[in-house]
Amino acid sequence: MPLSPRLAAIVHALPITPYMRVLEIGCGPGPAAREVAARLDGGHVVAIDRSAMAVAQARAGGAAEIAAGRLSVRQAAAEDFVLEPGEAPFDIVFAVRVGALDGRHPDAGRRAWARIAAALAPGGRVFVDGREVATPSG
């Protein structure tokens with residue numbers, strides 16, 4: 001599935017460097033995560049979505065990137081996400097049209113921001129709908 005022009009503009013504007021760890025929240029079928037993974041050489045994208053169907057689609061569509069070690073896909077809601085034991089934090093976190101982060105679901109948003117802050121590397125950056133946002137401490 002190709003990126004829509006809007007999603008392509010958002011993804012291409014992310015300040016990705018080849019060795020970054022990137023978290024996409026609300027990956028859907030995974031086109032943005034695959035596009036980010038293509039820009040990495042030694043880095044890694046973790047793409048999450050609350051939907052089992054979206055996760056299955058993202059895994060199927062991203063099989064090459066997963067096999068190359070540049071992409072992982074997990075089923076998790078933003079407000080429930082935690083780093084796995086021993087997992088390094090993320091340099092970039094991004095989300096597009098995620099209700100917990102764009103104000104549509106404030107209660108989930110408060111929990112999600114705490115989870116994001118806990119998973120972000122020192123100096124890490126967060127982008128929601130193409131705009132960089134300050135990360136509330138939780």
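Arg21, Leu23 and Ile25 point one way from strand β1, Val22 and Glu24 point the other way, and all are buried, where buried means under 20% relative accessible area, exposed over 50% and partly exposed in between (1.4 Å probe, protein chains only). Strand β1 is thus a place to begin. It is mostly covered, with five of its five residues buried. Helices (H or I, at least four residues) and strands (E, at least two) are DSSP runs, numbered from the N terminus.

The model is predicted: local features need pLDDT of at least 70 and side-chain atom pairs count only at pLDDT 80 or more, whereas totals for chains, interfaces and linings use all residues. Residues are numbered from 1 along each chain as its sequence is written, and side-chain values use heavy atoms, with hydrogens and water left out.

Strand β1 belongs to an open sheet of six strands in the order β3-β2-β1-β4-β5-β6, with mixed pairing; two strands pair if DSSP finds at least two bridges between them. At the edges stand β3 (71-75) and β6 (131-133), each with a single partner strand, so one side of each is left without a neighbour in the sheet. From one strand to the next, the twist averages 25 degrees. Angles run from 0 to 180 degrees between N-to-C directions, and axes are lines fitted to C-alpha atoms, for helices over the stretch in contact.

The pairing of β1 can be followed on both sides. With β2 it pairs in the parallel sense over five bridges; Val22 stands opposite Val45, and Leu23 has Val46 as its bridge partner. Strand β1 (residues 21-25) also pairs with strand β4 (residues 90-95) in the parallel sense, over four bridges, and here Val22 stands opposite Ile92.

Strand β2 is likewise mostly covered, as six of its six residues are buried. His44, Val46 and Ile48 lie on one side and Val45, Ala47 and Asp49 on the other. Not counting residues up to four places away in sequence, Val45 touches Val22, Ala33, Val36, Ala37, Leu40, Arg70, Leu71 and Ser72; contact means heavy atoms within 4.5 Å.

Helix α2 lies across β1, β2 (44-49), β3 and β4, and runs at about 175 degrees to β2. Arg34 is found in this helix and is buried, with a relative accessible area of 13%. Arg34 and Val45 are 11 residues apart in sequence and 8.4 Å apart in space, C-alpha to C-alpha.

Two packed helices are described by the angle between their axes and the distance between the axes. Helix α1 (residues 5-13) packs with helix α2 (residues 31-38) at an angle of about 35 degrees, their axes being 10 Å apart. In this contact, Leu7, Val11 and His12 of α1 meet Pro31, Ala32, Glu35 and Val36 of α2.

The interior remains to be described. A nonpolar core is a set of buried Ala, Val, Leu, Ile, Met, Phe, Trp, Tyr and Cys residues joined through side-chain atoms within 4.5 Å. The largest such core has 23 residues, and those with the most contacts inside it are Ile16, Val22, Val36, Val45, Val73 and Phe94. The elements giving two or more residues to this core are α1, α2, β2, α3 (52-61), β3 and β4, and α2 gives the most, with four residues. Apart from this core lies another, of 21 residues, among them Leu23, Phe81, Leu101 and Val126.
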